[in-house]
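Trainee: I'd like to work through this one with you, one question at a time. Could you put it up for us?

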Amino acid sequence: KLDSMSVLIQSLTMDGNSGMALDNSLRVLEYLGEPVSNNLDEEAILSELTETHKCVQQILSSSLDTIPVMKDPLKIKAMHFLYLALLPGHHLQSLVVVVSCRMVRLTL
């Protein structure tokens, strides 16, 4: 079903139906355990940035070489759908910030 949703989101994006593509991306991300709100205020953005900064600081205090390769299939799918959310949501600066932070944290 996730592969079908991926194709649907890509088709909607290419057809210029950004709203539906983004809504479907966010719905799948919630299903995968990576919910992203459609209403991102400054507080939500600051929270994402702060959490990501903490995670990066912890990794940098040890070594980047210790980061294991991502093998969790749900995390890999979440990364894919975060990427798909960027395409129709590229004009929403707050969404780009939050999605970027999530992508960084998923890799850590």
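Mentor: Happy to, and let's begin with a term: a residue is buried under 20% relative accessible area, exposed over 50%, and partly exposed in between (1.4 Å probe, protein chains only). This is a predicted model, where local features need pLDDT of at least 70 and side-chain atom pairs pLDDT 80 or more, while totals for chains, interfaces and linings use all residues. Residues are numbered from 1 along each chain as its sequence is written, and side-chain values use heavy atoms, without hydrogens and water.

Trainee: Then how does R105 count at 23% relative accessibility?

Mentor: Set its value against those limits. Because R105 has a relative accessibility of 23%, it counts as partly exposed.

Trainee: How many salt bridges does the structure hold?

Mentor: We look for a side-chain nitrogen of Lys or Arg within 4 Å of a carboxyl oxygen of Asp or Glu. By that rule, the number of salt bridges in the structure is four.

Trainee: How far apart in sequence are the parts that K77 and D3 tie together?

Mentor: The side chains of these two residues form a salt bridge, N to O, at 2.7 Å. Helices here are DSSP runs (H or I, at least four residues), numbered from the N terminus. Since K77 sits in helix α4 and D3 in helix α1 (residues 2-14), the pair joins parts whose separation in sequence is 74 residues.

Trainee: Which residues are linked with R102 in a network of salt bridges?

Mentor: Start with the side chains of R102 and E48, which meet in a salt bridge at 2.7 Å, N to O. R102 lies in helix α5 and E48 in helix α3 (residues 42-61), so this pair ties together parts 54 residues apart in sequence. E48 also bridges to R105, with the closest N and O atoms 2.9 Å apart. In the network, R102 is linked with E48, R105 and E34.

Trainee: What is the relative accessible area of E48?

Mentor: R102 counts as buried at 10% relative accessibility. E48 is buried too, and its relative accessible area is 10%.

Trainee: At roughly what angle do the axes of α4 and α5 cross?

Mentor: Axes are lines fitted to C-alpha atoms, for helices over the stretch in contact, and angles between N-to-C directions run from 0 to 180 degrees. For α4 (residues 73-89) and α5 (residues 93-107), the axes come within 10 Å and cross at roughly 160°.

Trainee: How are α4 and α5 oriented to each other?

Mentor: Over 145 degrees counts as roughly antiparallel. The axes cross at roughly 160°. That makes the orientation of α4 to α5 roughly antiparallel.

Trainee: How many charged residues does the contact of α1 with α2 have?

Mentor: The axes of α1 and α2 (residues 18-31) come within 8 Å and cross at roughly 155°. Contact means heavy atoms within 4.5 Å, and the residues making it include L2, M5 and L8 of α1 and M20, A21 and V28 of α2. Asp, Glu, Lys and Arg count as charged, Ala, Val, Leu, Ile, Met, Phe, Trp, Tyr, Cys and Pro as nonpolar, and the others, Gly among them, as polar. The contact has nine nonpolar residues, four polar, and as for charged ones, no charged.

Technical notes
Helix = DSSP H or I, 4+ residues; strand = E, 2+ residues; numbered from the N terminus. Parallel < 35°, antiparallel > 145°, perpendicular 65-115°, else oblique.
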